[in-house]
Amino acid sequence: MSLDQNQIAQDLAQAIASINAAKDLEALKQVKIDYVGDKSPLAKANQALATVDKSLRAEFGKIIGSAKAELNEVFEKRLKELSSQRDSQVLLTERVDVTLPVQKTLKGGLHPLTILTNEINDLFIGLGYKVAEGPELESEWLNFDALNIPADHPARTMQDTFFIEPLEAKLVLRTHTSPVQIRTMLDQSPPIYVICPGKTYRADELDATHTPVFHQVEGLVIDENITMADLKGTLDHFAKTIFGSEVKTRLRPSFFPFTEPSAEVDIFFNGRWIEWGGCGMVNEKVLVACGVDTKKYSGFAFGMGLERTLMVKYGITDMHDIVEGDVRFSQSFGVGRQ
Amino acid sequence: MKVPLSWLKEFVSLPPKVTAEQISQAFVKVGFEVEGFEEQGKDLKGPVIVGKVVSIEELSGHKKPIRYVGLDLGEKKTRFVICGARNFKVNDLVVVAVPGAVLPGDFKISARETYGKISDGMICSAKELGISDEHAGIIVLPNGKIGADAIALLEINDVVFDISINPDRGYAMSVRGLARELSGSLRTKFIDPAKLVKPIKSSSSKNTKTVAVKIEDKSAADQIVIRTLDNVDVKNSTPLWMQRRIEKCGMRSISLAVDITNYVMLELGQPLHAFDAEFIVGGLRVVRAGKFNKLTTLDKVDRKLNPDDLVIADSKTPLALAGTMGGLSSEISGTTKRVALEAAHFDPLSVGRNSRTHNLSSEASRRIERNTDPALAEIASARAAQLFIDLAKAKLIGTSQVSTPIKARKLKVKLSQISTFIGYKYSIKQAKDALNLIGCKVTGNGDVLTIEVPSWRPDLNTSADVSEEIARIQGFELIPSTLPTGKKGAQLNYLQLRKRNVATLLANQGFTEVINYPFVNEEMVQTLGFTGDRAKSFKIANPMSEQLPLLRTHLLPGLLSTLSRNISRGAKDVAIFEIGTVFRNVSSLKKVELPGTSKRPSPKAIAELYATVPKQMLFVGGVVAGHSRISSWQGAGEKFGWDDAIAKAIEIIESTGNSYEGIRSDLAPWHPGRCAEMKVNGKAVAHAGEIHPRVISALNLPERSCAFAVILSELPAASKVSAPAILNMPAAVQDVALLIDKKIPSVELMNALKTGAGPLLESIVLFDRYDQIDADKVSLAYTLTFRASDRTLTADEVAMYRDQAIANAVKNLGAILRGNV
């Protein structure tokens, strides 16, 4: 058999034309058998190389090799084109409406009081405070006596405080988280920097702004050279973190048995002054009852209602929403917004 | 306390054009919260004039009796008006709004025809003039000039401030005290009304009709003054100016004698009481009730006296609950001639107890409880006696008194210490100015100041008390804003961190947190079937409601009620949780003696005190109902089941770094066949499963509701995590299926396979459970995955481990191999 250079060129041209003419991958498969496979003209020409005169073999080899390379390249290109054409058609038929509702799990959420407590704890941990907690069912001594609220004090009447039977056991549901401050002073030596969040109880009927079971956060600092200016600065920082940097604070003289001087802290929020909490320099009598050296140490304390803080911060107008446990309420807060 | 501006102005100079709002702010600045102020007469426009009733024609035939009244207003002709009130007669002086006047509420007065007559004006009640809520009848004036401007006569144009007074500032429950504070805040001149009172002498030195007085219990009072006044004309009416001031202060004008005592109390802060001296047998005594056992007070309540009550008695009977309320037997009446006027400085605690034990809080007791000025008893008595002389034509016939000398208290303070305490450097002048404004005398020009404390400030005792006064009067706004610098780093402790992590874990898995009231009742305890420690509740002595008198011993009562509330509001798929304290009354409560507070209790006393407080455990609990994967357009969702509740309890335990052992349980209120108990270190710390159908129907909950409860505070703190070695050699997998007795908990089979399979077993997973082969047996199929750290396991080796695992299960549990799956 002899090889004809023209014939090879012609075979190549025909193979390329067929590949390019293939309409889909099925057609291309057949074209491959006919023009690229073992039985194709070019494959046959390659087999015939052995029969060619030695002097011509190298040259024909080159011609056939280059033709095969070109053919492969054209084939691969067409294969890619047709594959991608097929893919896009198939994927088109698999298209779905991705805007359909897809939520299948329940929505959860933390109670906003928990979120607020976390925020406050984090803010004070950042200032170097520890978080201190204590029992809700508490000794009268820790809830009252040690806080300079003696037995005859009006705050100890049944109108304000829940007492536990028998009365002689001297147990109450704590009316503030201040007993945690007392426990901290009894258990640790100064310097003391603590924040005390927790559940508290007072005999108020549930209405739009009151609840017999509520939450407080109190702060206590006992250290050398603690000043009322430190109290003011701490409250400023606290208010700005919780209500935003635009908020202003104001201290107003007031009275609490456990602080002297005492003040109410107001915040200017959404265009008006709002009473936020109480504060003051820890009364010497309290320090003495806890054995703190009043010559060396002074301290401040403050306390806020968390429900009230929450209501102000989020514009909640009805306490019922906070206490009733309707899942729609807490769900809207998620686990806190970052 | 309510106080009118017109009265304050008598003792404090005000800047020109000062507004009510500015005065209000001035009070707030020095610590007196103004609840509000009322600008009386603001919406009232004259002419409103004094008129005399000259004729009354009764008109009948109407729904109610109506009067057609002729009035002399000093005009040429008699003016006729229609009036529906009946509390007046001919010759009475009344207040008449004539056409052109505008009353509060934009009520324009004009001549109009009514009841067939022309009514040419209106006779006014106090309510119509906007000066009180009194509308029982029209105002009948005790005096006044016909045709005079009644707005001026009644001092209507005024501002009444309602000021809340802190309990340490008893002195401020008076015009005297508030005027002093206002002058301190505004830095304007103050005249002490106590200093305006002139000394007064009895007309005759010895008169047998003079009522004597003794203080028999020295702890109860240290000052008492009794002035006896004779020829008292009780029929004289209270002058208008006095009546109006008493009304503006929120009290009622009652009779001249009572009004004088109230007026002086309001002005100076000293409560007084007037007895009808005819009903005093022998002299007056300040004594404890002792054997006296009853007293009828002025409010006509028969009171049973306690031996410790403080009373004013004569030689035979108690006449008054001292400092609290007078007795009915010696009440001033229309026939009283001789009055014994009492002013005393009582012990605040005794009067406070009187008031509390008899649930009787009066204007007098509220002031005495908060401390009155001991120097005032004599001054107020003189002031009131003079008013009796001037207004009731009385004659002072004698004064009896017991007085203890009042020593001026002196305090030494260091200004540098005060400045350090407040954080602002006060000058000597600032300190002195502030202290002078509150009535202190200050000497010393160096760092040490000597302060003479005025008699009305028993609350000023320490350097901190003085600091407050200086800081308050100079203004809290002077104090800078700084942060303490001494603190160290801190972080949450393990229980706090655990609480936060568990809450976040549940919230991120579709649970919503609720915070329930921890109050329950016996019925709920019974319904849930609580026994043992969970049936031992603390009882609240004074619960909010008799319906909920107990403290919860478990979180489920609250959670189930809240689930029910959500369902009743239309929720279908609910998963809620709560983290909270429970209270179990497991050790019987004993009588407790509390330590004192004058020094730190001893370590033993502190330990004993702590031991009086029962242990309170922290729980996390959850309830689920409906679907965990909600039904949608793609079809039905997946229902919550007992397994979800158990899985949640396990996740919580494992999230704390603890491992557990699970067993079957029949604890109420769970379904006895569908409840698991989880133990950590052999101690039960959690229960979970389906709620008992009986409870479901009793509480009207969705069927198959499930619940879990874990005692967070009983889980040990997690040990440090040791990082596992991650092996890269190929894993070899073997499946086995075994038949075992249905009564054997599957966990036992899994444990037997684990033990038998040896150390190279990496994991074991149940992939199939089939119980239709045999009534007593169940088929359980597991995938066992083996891996070695150093080599690829051969098929033979793995088969050997699998066979060992099977052999162990067969030997220990009687399992039967079903063949390789």
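The legends below describe close-up views of a predicted model.

**Figure 1. The two domains of chain A.** Chain A is divided into domain 1, residues 5–93, and domain 2, residues 112–331. Between the C-alpha centres of domain 1 and domain 2 of chain A there is a distance of 87 Å.

**Figure 2. Helices H3 and H4 of chain A in contact.** Two packed helices are described by the angle between their axes and the distance between the axes. In this view, helix H3 (residues 41–48) of chain A meets helix H4 (residues 54–93) of chain A, with axes that come within 10 Å and cross at roughly 155 degrees. An angle over 145 degrees counts as roughly antiparallel, and H3(A) is therefore roughly antiparallel to H4(A). The crossing of H3(A) past H4(A) is left-handed. On the side of H3(A), the contact is made by A:Leu42, A:Ala45 and A:Asn46. H4(A) contributes A:Ile64, A:Ala67, A:Lys68 and A:Leu71. By class, the residues of this contact of H3(A) with H4(A) are 5 nonpolar, 1 polar and 1 charged.

**Figure 3. The contact between chain A and chain B.** Chain B gives 91 residues to the contact, and chain A gives 83 residues. Helix H14 (residues 494–508) of chain B supplies 7 residues, the largest share of the side of chain B that touches chain A. That side of chain B consists of 42 nonpolar, 30 polar and 19 charged residues.

Figure 4. Strands of a sheet pair through backbone hydrogen bonds, either parallel or antiparallel. Here, 3 strands of chain B form an open sheet in the order E1-E13-E2, with antiparallel pairing. Strand E1 (2–4) and strand E2 (33–40) of chain B are the edge strands, and each pairs on one side only. On average, neighbouring strands of this sheet are turned by 25 degrees against each other, direction ignored. E2(B) is joined to strand E13 (residues 158–164) of chain B by 7 bridges. B:Glu38 has B:Val160 in E13(B) as its bridge partner. Helix H2 (residues 20–29) of chain B lies across E2 and E13 of chain B. The direction of H2 in chain B is at about 160 degrees to E2(B).

**Figure 5. Strand E3 of chain B with strands E4 and E6.** Strand E3 (residues 48–59) of chain B runs antiparallel to strand E6 (residues 93–97) of chain B, and 5 bridges join them. In this pairing, B:Gly51 stands opposite B:Val94 in E6(B). E3(B) also pairs with strand E4 (residues 66–72) of chain B, in the antiparallel sense, over 7 bridges. Opposite B:Ser55 stands B:Gly70 in E4(B). The hairpin of E3(B) and E4(B) has 6 residues between the strands, and in this hairpin B:Gly61 takes a positive phi near 85 degrees.

**Figure 6. A five-stranded sheet of chain B with mixed pairing.** The 5 strands of this open sheet in chain B follow the order E14-E17-E20-E21-E22, and their pairing is mixed. Strand E14 (213–215) and strand E22 (325–326) of chain B stand at the edges with a single partner strand each, so one side of each has no neighbour in the sheet. Within the sheet, strand E17 (residues 284–288) and strand E20 (residues 310–313) of chain B run antiparallel and are joined by 4 bridges. B:Arg288 stands opposite B:Leu310 in E20(B).

How values were computed: Residues are numbered from 1 along each chain as its sequence is written. Chains are lettered from A and ligands numbered from 1 in the order in which they are written. This is a predicted model: local features need pLDDT of at least 70, side-chain atom pairs count only at pLDDT 80 or more; totals for chains, interfaces and linings use all residues. Two strands pair if DSSP finds at least two bridges between them. Helices (H or I, at least four residues) and strands (E, at least two) are DSSP runs, numbered from the N terminus. Axes are lines fitted to C-alpha atoms, for helices over the stretch in contact, and angles run from 0 to 180 degrees between N-to-C directions. Angles under 35 degrees count as roughly parallel, over 145 as roughly antiparallel, 65 to 115 as roughly perpendicular and the rest as oblique. A crossing is left-handed if the near helix is turned anticlockwise from the far one by less than a right angle, and right-handed if clockwise. Two residues are in contact if their C-beta atoms, placed from the backbone, lie within 7 Å. Ala, Val, Leu, Ile, Met, Phe, Trp, Tyr, Cys and Pro count as nonpolar, Asp, Glu, Lys and Arg as charged, and the others, Gly among them, as polar. Domain bounds come from an automatic or database domain assignment.
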